[in-house]
Amino acid sequence: MGMNLVVLTVTALGLLWPAVHSRSVRSERHEFSMDDPLQLTLKSVKHERYLVELPCSPEVWFKIFLNGENEQNMHIELFGQTEGNIFCNKAGAMDWWGGEKTDFTLSGNGLQCRNSKIKVGILKTSKHVAILSGTGDILYMQRFSSGDGNCRLRSEKLSTQVWEYSGTLSLQVGSRAPPPPTPRKRRDIANLPSTDIGKMYEFSRYQPITLGILPQGEEKYEVHLPCSREVWFKLFLNGDGEQNMHIELFDKRR
């Protein structure tokens, strides 16, 4: 017997990072290296977006500093394709260079090489910072609280640092966040192409999915399923360390 798949579409007002090569984000491209670091003045925006392109090499180790006018706010450091750390100035016990450092491991297989390049997306707001793959999948997300010091502040300046690699990397800075989707009436949603609604994921009884969702805006989910009375599914909506709720449907009416 064949295995029926159900398709889940997830969308929200600014919920998921679109593919990082999306033309909806106006951007500036800058090259940098170990001997030629960047020093940029940034436009103050609510949703900061950065895209780093680097060669497919395990030797590439770099750091992005996001600063205020007169002091460091934070840094994002990546070494290799799976590990890194985030530093928040004036955070926690302030016992690591005046702040707090959080080490992380990227989910799944980490950063993937495509067409001889690795693309790393960074999305930062006052509530969180996320590391994304070149296709927009969330590989790591850190939420900010009142104890996270300068990480919650908007970035005004950016600088870079590169170790152990003599080649060139590139950085794109998004100058604005894409506009949120226009609210639509319920009956209109079914007629929209999937790319207009959000990103689509297939799942089944034997292939469940777990998604990282950025906690921002209005949440909207759309499930496509076959015309069968046997389809019975449940969506779990969870917080960082515990379940928040679930929605369960086990026929067309209940």
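## Disulfides

Two disulfides are found in a search of the whole structure. The model is a predicted one. When the bonded cysteines of the protein are numbered in sequence order, they pair 1-3 and 2-4.

## C56 and C113

The link of C56 and C113 is right-handed, with 85° about the S-S bond.

C56 has a relative accessibility of 31% and counts as partly exposed. C113 is also partly exposed, its relative accessible area being 40%. Both values fall in the class between the limits of 20% for buried and 50% for exposed.

## C88 and C151

The other disulfide is formed by C88 and C151, whose sulfur atoms are 2.0 Å apart. C88 belongs to strand β7 (residues 83-89) and C151 to the loop between β12 (138-143) and β13 (157-163), so this pair ties together parts that are 63 residues apart in sequence. The disulfide of C88 and C151 is left-handed because the torsion about its S-S bond is about -95°. Both cysteines, C88 and C151, are buried.

S33 is placed in strand β2 (residues 27-33). Is S33 buried or exposed? With a relative accessibility of 11%, S33 counts as buried, because buried means under 20% relative accessible area.

The side chain of S33 reaches the backbone nitrogen of D36 at 3.1 Å. If neighbours within four places in sequence are left aside, S33 is in contact with V162, G167 and T168.

## Aromatic pairs

How many aromatic pairs does a search of the whole structure find? The search finds four. One of them is formed by W61 and F79, with 5.9 Å centre to centre and 70° between the planes. This pair is edge-to-face, because planes over 60 degrees apart count as such.

W61 counts as partly exposed at 25% relative accessibility, and F79 is partly exposed with a relative accessible area of 28%. Together with W163, W61 and F79 form one aromatic cluster.

Technical notes: Residues are numbered from 1 along each chain as its sequence is written. This is a predicted model: local features need pLDDT of at least 70, side-chain atom pairs count only at pLDDT 80 or more; totals for chains, interfaces and linings use all residues. Side-chain values use heavy atoms; hydrogens and water are left out. Rings of Phe, Tyr and Trp (its six-membered ring) pair if their centres lie within 6.5 Å; planes under 30 degrees apart count as stacked, over 60 as edge-to-face and the rest as tilted. Buried means under 20% relative accessible area, exposed over 50%, partly exposed in between (1.4 Å probe, protein chains only). Helices (H or I, at least four residues) and strands (E, at least two) are DSSP runs, numbered from the N terminus. A polar contact is a pair of N or O atoms within 3.5 Å; within protein, one must be able to donate a hydrogen and the other to accept it, and residues adjacent in sequence count only if both atoms are side-chain atoms. Contact means heavy atoms within 4.5 Å. A disulfide is a pair of cysteine sulfur atoms within 2.5 Å.
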